[in-house]
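Have a look at the model first, then read on.

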Amino acid sequence: MNLCSCVTCDNFSLWRFLLESLEDLDNSLKKLNSRLFVVRGQPTEVFPRLFKEWSVTRLTFEYDPEPYGKERDGAIIKMAQEFGVETVVRNSHTLYNLDRIIEMNNNNPPLTFKRFQTIVSRLELPRRPLTPVSQQQMNRCLGKISDNHDQLYSIPSLEELGFRTAGLPPAVWRGGESEALDRLSRYLDKNVWVANTRVKTCSLYASPTGLSPYLRFGCLSCRVLYYNLREIYMKLCKRSSPPLSLYGQLLWREFFYTAATNNPNFDRMEGNPICVQIPWDQNPEALAKWAEGRTGFPWIDAIMTQLRQEGWIHHRARHAVACFLTRGDLWISWESGMKVFEELLLDADWSVNAGSWMWLSCSAFFQQFFHCYCPVGFGRRTDPSGDYIRRYIPILKDFPNRYIYEPWNAPESLQKAANCVVGVDYPKPMINHAEGSRLNIERMKQVYQQLSHYRGLSLLASVPTIQEEAEPPMTDESQTSSGPDSPPRVLADIEAAVCLMAPDSSTSAPVPDQDNVSLHRLFQDHCTSSGQPSSPASSPPQSPAPRSKPGSPSSSCPSPSASPSSLPPRRKGVAHKGRRSQRRRERPSCPMATEEEEEEMMQEEVDEERMEEEETAAAQQ
Amino acid sequence: MKRGLQENEQEERGGPSGGYQKSIKWSTKQEEEEKELEEQGASWEFLPQEILLHIFQYLPLLDRAYASLVCRGWNQVFHMAELWRCFEFELNQPASSYLKATHPELIKQIIKKHSNHLQYVSFKVDSSRESAEAACDILSQLVNCSLKTLGLISTARPSFMEMPKSHFISALTVVFVNSKSLSSLKIDDTPVDDPSLKVLVANNSDTLKLLKMSSCPHVSPAGIMCVADQCHGLRELALNYHLLSDELLIALSSEKHVHLEHLRIDVVSENPGQQFHSIKKSSWDAMVRHSPKFNLVMYFYLYEEEFDPFFRDEIPVTHLYFGRSVSKDVLGRVGLTCPRLVELVVCANGLRPLDEELIRIAQRCTQLSAIGLGECEVSCSAFVEFVKMCGERLKQLSIMEEVLVPDHRYELDDIHWEVSKHLGRVWFPDMMPTW
């Protein structure tokens, strides 16, 4: 389990859930006359000792598809080999073999959900879940339970982890497999299930049948859920094969796991080939207001309060707060939001968390950005009564429905009567939403207009301008002086080099000299970027994946004007044609993998879905 | 400087020995290559300057700078004017931006050696006031250059608005006075004012083609009139609604004036309950007569109750964006008054479905080719009908899945087939992850 190691007072829900899950597992094992052994320490340090102490011959564990886990497990497998211990790794955290999905998509993870569904529909069904462990199987276990087991291998307590448990609110989500299976059977209750599918209920409150945290922590097998859903569907709907939409949430999870599995930078903008580089603002104060539910927008604050108290929020609520933090209002990086969720959200699988944040901030997956959720209107639409607000922000409980989503607009007399004066008892809204979203839409347009393969894809970016006639595009790769992913020192080097070479340096013009380190560095960079004339800035040495990097929108992006036609005094017609064909050739240089890869991906999608074809065509215009 | 560099390099390779080894490896390889070339009778030294220049144009600045270290000839090419015509200054502070900034030394060098070459310049500025001020400091040093295009672009917050107006104005007027042939100027979200626009007009009226100044609160209708009256070559203009007047439209459609191609209007309410003036139909008619093909792009960020003066008469709007909730009533009027509509985006609407409104838009707006709906509701039947009426001319159809309300005729699962059929291509609603 890859929990963030920092223990803060806020993420106790997460740790509590994990510890409860372990206790539950221990209890289940007790019933089979066994126990759970919790060993403290780093695997690489602890395992060698255990291998000897327990005379281990075989080590089995679940395959972790995330880059961090793959690396960790790789090291463990290698170590086990050295000790002559056989390792057996089984895929069970995801339904499908993710590498197989990638392989079927021309060795790229599918980047649209539709495409993903298409591929999945061609795959054989996921493997069936195994039956629970039996007493018989356990009898063959040789491990002895010593008398001082609890002393040596007990599950840590919250106190031991540094939490003060006095006064902690009771858990809304109780960890453990037993609880997960109870929830599953409630969820699969015929009547509940039918009701849920018929009416698209949207309860913002923690549902007694919610399952996502249990999937994350391995309390519930995704295969068990999959086959149970399939079974009930076939029983009730009498159709032979259920539609993919039945597995909605499970497939989204799978989609993000696939997108992330080979991308160690999936959780950041820099160095992440699928992430659009957006000039987010850094504003710790505003971020804190958002994270602590002090934005002055009751809808946003209630959601963040629920998240902090319970560790779970509805997906519409996630959309609302994610949009507010990023492209909608505050223009703060999705990475900051992702980290807050990672700490507070029980079902924040690394891949799903990062992927969803990129999705919601329009940083990847070809999202339209024209629409920002309104922090007033969206709440009102979701819960017109405002009871959700009253539950999580009790100070606002006496506001009438009309004002509960915008208390600052209530007359002062009403605020006084409600015992809550905005600006005194509850914060004023931290931003003018209309103004903020106007600015942010413009910023997004700026970013997306520079991405040639998005051109025409987005509604707003297609609003025409005479720009090209009046000036050569400014976002010229050859002219941009920096990029977000240029390693800082390289830039400093080159800047210094520029100074060195100033022609009037009366002393001596720089003569290339083999000791000249920065020159030598240049060649190195060229080697690492496989000889392509791309900027060294765009091939970070630390990136293990053999992929071209995304640039900032301005640095490695479609550089129509990197073509000769960028030189201003030229015949226009020719220049334009040249530029256009150049663009066609260079079209996909941005946040995708390599040109070829994207070309293939696009091509493949064209074959599959004409929708993508339209996008491609539009992108070429 | 050189020594400093070497140290850096060494540190980064984890010690001097590693770096040394690599450099030896490289040099032998390089020597071999050179020998080979010499044997073939070719040498890089003899590459004509034009070819080198051509190659350099493909290289990012960083690579050009590295290449310029190779020899005097390459260094000369590095400094050729052709390579310094456009430049984008990126001004970011580490505390407020994740992106890198143009190095101050590089900026100094450009001002010193290349400012007379600069013609197409833009400044990308992060949310901090310091960055905006740095941009203005650079601007005010561009005394011996003649710019053709200038863009001041705030990438996060409108930071130019936070600096002293006088400082901004004096920097901007330096450019206006020295550049006699400015053709494109993007100064959205800045404190530009009437007197500075006068300076712009006095020096650049013959060449100005594009002026973008949305959300510039210090400009008055009189200020923009001065531009419209004098700059007859203006083809694209972006401003806020409060600067739009009948006189402005008449001036832009005068005989002396070239055809306008794009007019972008932001309709933003500065204070709640603001009253908006209306524009006469005759003024719009004059515009359309003069520039029959012009795009009128309008962005609305209004409260529902502020829409009263809008869409009462016919208006030649082509691109319409409603950034906030807009009522059924207003959308109904859009169908009646916007015959030139090409693109429509509705971010939000009340809780009642937009059925009749969409159908009316399909009937009346025969140019409509793109539509986006966010937090709205439409019944599946009405939506299918809408798509059927528009048919294949709908090039972009971006509808959130939640927008579509299943009814007696269509379930959500059916609708994508039905819509795809009428569009002649496969279509799906936009979806958000359930997570």
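**Notes on the model**

1. The largest nonpolar core has 266 residues, and Trp290(A) and Phe322(B) are those with the most contacts inside it. (A nonpolar core is a set of buried Ala, Val, Leu, Ile, Met, Phe, Trp, Tyr and Cys residues joined through side-chain atoms within 4.5 Å; buried means under 20% relative accessible area, with a 1.4 Å probe and protein chains only.) Helix α12 of chain A, residues 248-260, gives the largest share of this core, eight residues. Apart from it there's another core, of six residues, including Phe51(A) and Met79(A).

2. Some ground rules. This is a predicted model, where local features need pLDDT of at least 70 and side-chain atom pairs count only at pLDDT 80 or more, while totals for chains, interfaces and linings use all residues. Residues are numbered from 1 along each chain as its sequence is written, chains are lettered from A and ligands numbered from 1 in the order written, and side-chain values use heavy atoms, leaving out hydrogens and water.

3. What does Trp290(A) touch? Skipping neighbours within four places in sequence, its contacts (heavy atoms within 4.5 Å) include Ile300(A), Met304(A), Phe324(A), Phe341(A) and Trp357(A).

4. Now chain B. Strand β6, residues 236-240, has five of its five residues buried, so it is largely enclosed by the rest of the structure. (Helices, H or I of at least four residues, and strands, E of at least two, are DSSP runs numbered from the N terminus.) Glu236(B), Ala238(B) and Asn240(B) point one way from β6(B), and Leu237(B) and Leu239(B) the other.

5. Glu254(A) sits in helix α12 of chain A and counts as buried because its relative accessibility is 0%. A polar atom of the Glu254(A) side chain lies 2.7 Å from the backbone nitrogen of Tyr96(A).

6. Ala348(A) is in the loop between α16 (334-344) and α17 (350-360) of chain A. Its relative accessible area is 2%, so Ala348(A) is buried too. Beyond four places in sequence, Ala348(A) is in contact with Arg216(A), Phe341(A), Glu342(A) and Asn353(A).

Key: Buried < 20%, exposed > 50% of the residue type's maximum accessible area, 1.4 Å probe, protein only. Polar contact = N/O pair within 3.5 Å; in protein donor to acceptor, adjacent residues only side chain to side chain.
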